[in-house]
Amino acid sequence: AQLHYSVPEDREPGFTVGDLAKDLGVEVRSLAARNLRLVSEGGQRHFQVDLAAGVLLLDSRLDREALCGQSPTCSLHLQLVMENPLQLHRVEVDVLDVNDNAPQFPKPEVVLEITEVANPGTRLPLEVAEDPDMGSNSISTYELSPSKHFALSINVRGDGVKMPEIVLEKALDREKVPVHHLTLTALDGGNPVKSGTARVTIHVLDANDNPPVCDPPVSKVLLEENVPVGTLVTKLNVTDLDEGPNGDVEYSFKTSNNAPGKFTKLFSLDARTGEIRTKAPLDYEESSAYEIAVRARDKGSPAMEGHCHLRVELIDINDNSPEIVLTSVSSPVREDAAPGTVIALIGVKDSDSGDNGQVHLQIAKELPFKLVSSFKEHFSLVTSGPLDREKASGYNITVRAVDSGSPQRATQKTFYLRIADVNDNAPNFSSPFDTAHIQENSLPGTSVFSVLASDPDEGSNAKLSYSILDNGMQDVPISTYFRIDQDNGTIYTVRALDYEQDKVFQVPVEVKDAGSPALSSTAVLHVFVLDENDNAPNIVYPSVPKGSAFHQAIPALAEPGYLVTKIVAVDADSGHNAWLSYQLQESAEALPFQVERRSGEIRVAQALRESEDSHRLVVEVRDNGTPSLSASVVIVISPEENSVQDFSKSLDLPQPSSEDTNLTLYLIISLVSISLVSCVMFGLVAARC
């Protein structure tokens, strides 16, 4: 069916254009069930369907001038689609013109020149005002403000356009009035009447008193649309009664600011000879006629000008191929779609007429689809057999349109139809177990690892989002240590990690697709925290307040090798960062004591003199990290006559040999090496699992 409505261009959105339910003979309550929808052939939506009321409503305010320009008729073509059964209806809406535009001159002020010896009856052409409205709403007449010397004359061009001219009625005297100021008003024929004005300034000059005259002032030329570029359209016949430079005429196109003139892109004008030629291909379907305005200006001082108007009408030929319009394509289509399912709505257009405009559609016979004619120039593409995604995940469908002209013209359009699958595949990680390492004290937001998962499904079924699961293995929720970018699976730290507090984390990661219902998989990431030398050695014994010294008394006659005391220190770090060494800080005087580098034992290095006073030693404990950290303690050793030797010190302890010291170092290196090898083996086993 085809429906026809009309609507004025100034109606507000929501205006009722027509009663679709009544005109289609369909009950209002069945419209929603039949999924009535509106399809615009032009690609722009100006209307909407109220399913509750069954009426066609205006969706946006219409501007006839913007939609159809200066065309005498303005129609919008729509399509209504209903399902169960599938029906296609054509709706034509005429946009009626209203007087919503006021006339407007190309320039707000026009400056004219006229010689003072001009005879009464001399005419000064004026710019034509522009009014986008049509018919009676377009420009009706012009008015000129009262003047003793000038009057207004209106001529009608061949196409009906009114051309205002100022006519000299009384001789001028430049010495009395050198400049005349007038107001030109353009009035349209609407109700109420709208108007536009322009200021006209006329300068009275001497000499060159004959303007160029075009004979005839308005002419028409018929031209085929396929003429070669450079074809001569016409040669203007312009005469100027003056002689010399005053009679030498130059030609130029006359355009306005509001309408720059499309003809300047299609036609060229020889400024000296007045020949008008084509400079671009002409298309009858784009525009059947062109209005060309030419200004003829002499070289006098002041220069005078005349105006020629040429109408070029094109003769149509069969030069257009059919055009295929895919109104709607349902892609993807499920592989379980039943035969007869509508895949696409296809329209064809041919700008030619008669047999040259009769179009037939074709598709390949081996495809599981067929074309069904809905009505004139509209077809439906439906399934003609079962679809199997496992055999073909999609089809390249080529639609060929052939007209009935001689010789025939054909056009084809190819579109890809994808066969959709259901969400039957869960996403999978590249590895169910991964291992990552991160340095302790790394800044929050540091990237730890990027997990990767894939999903063989398509579309939203393959859109993956990552999240961290809380497995309760840590005392604090794992989300307080790590976060994951849900889009790319990159895991970042939430806060700085402390090796001394947590050495390894198990981070369960879940990936979930966006299907319905959603499917998911999990993987576990083992994050090992690497130790950093961030803890200085802590002196456990002797324990003295900061800034104080530890006092130790020894016998005045202590022999070399005598054990004075032992410095005990610990380091919270591990590995190389926890290896401690002891040494005495350098002093100005030689001290009769020495400290064992590994054990921290302070012993008498040489025999003490009876008169020696107390000795002040500064023992520094330094770890093996990079950079190295240290702590120190001050020990004051006082030789005393009556000092009682401690049992442990009274033993005749020989000074340890260098071999014992080296043996201790070798044991430490062996233990560290065994630990590193064990960690590497555990990592390899975990990766293989």
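## Aromatic pairs

Two rings of Phe, Tyr or Trp (its six-membered ring) form a pair if their centres lie within 6.5 Å; planes under 30 degrees apart are stacked, over 60 edge-to-face, and the rest tilted. By that definition, Tyr481, Phe482 and Phe505 form one aromatic cluster. The model is predicted: local features need pLDDT of at least 70, side-chain atom pairs count only at pLDDT 80 or more, and totals for chains, interfaces and linings use all residues. Residues are numbered from 1 along each chain as its sequence is written, and side-chain values use heavy atoms, with hydrogens and water left out.

Searching the whole structure gives eight aromatic pairs. One of them joins phenylalanine 267 and tyrosine 290 edge-to-face, at 5.7 Å centre to centre and 70° between the planes. Phenylalanine 267 is in strand E20 (residues 267-269) and tyrosine 290 in strand E22 (residues 289-298), so this pair ties together parts 23 residues apart in sequence; strands (E, at least two residues) and helices (H or I, at least four) are DSSP runs numbered from the N terminus. Phenylalanine 267 is buried at 0% relative accessibility, and tyrosine 290 is buried at 7%, where buried means under 20% relative accessible area, exposed over 50%, and partly exposed in between (1.4 Å probe, protein chains only).

The rings of tyrosine 481 and phenylalanine 505 make a tilted pair, with centres 4.8 Å apart and planes at 50°. Tyrosine 481 sits in the loop between strand E36 (464-468) and strand E37 (482-484), while phenylalanine 505 belongs to strand E39 (residues 504-513), 24 residues apart. Tyrosine 481 is buried at 5%, as is phenylalanine 505 at 1%.

## Charges over rings

A charge sits over a ring if NZ of Lys or CZ of Arg is within 6 Å of the ring centre and within 35 degrees of the ring normal. Arginine 11 lies over the face of phenylalanine 15, 5.6 Å from the ring centre. Lysine 503 lies over tyrosine 499, with 4.8 Å to the ring centre.

## Salt bridges

A salt bridge is a side-chain nitrogen of Lys or Arg within 4 Å of a carboxyl oxygen of Asp or Glu, and the count comes to 17. In one of these, arginine 61 meets glutamate 12 at 3.0 Å, N to O. Arginine 61 is in the loop between strand E5 (55-58) and helix H2 (64-68), and glutamate 12 in the loop between strand E1 (2-8) and strand E2 (16-19), so the bridge ties together parts 49 residues apart in sequence. Arginine 61 is partly exposed at 47%, and glutamate 12 is partly exposed at 47%.

Glutamate 250 and lysine 299 form a salt bridge at 3.5 Å, N to O. Glutamate 250 is in strand E19 (residues 249-253) and lysine 299 in the loop between E22 and strand E23 (305-315), 49 residues apart. Asp248 joins Glu250 and Lys299 in a network of salt bridges. Strand E22 also holds glutamate 291, which is 20 residues from arginine 311 in strand E23; the closest N and O atoms of their salt bridge are 2.4 Å apart. Glutamate 291 is partly exposed at 28%, and arginine 311 is partly exposed at 27%.

## Domains

The domain assignment, which is automatic or from a database, gives domain 1 (2-96), domain 2 (109-205), domain 3 (213-315), domain 4 (323-415), domain 5 (428-530) and domain 6 (538-640). The centres of domain 2 and domain 4, taken over C-alpha atoms, are 59 Å apart.
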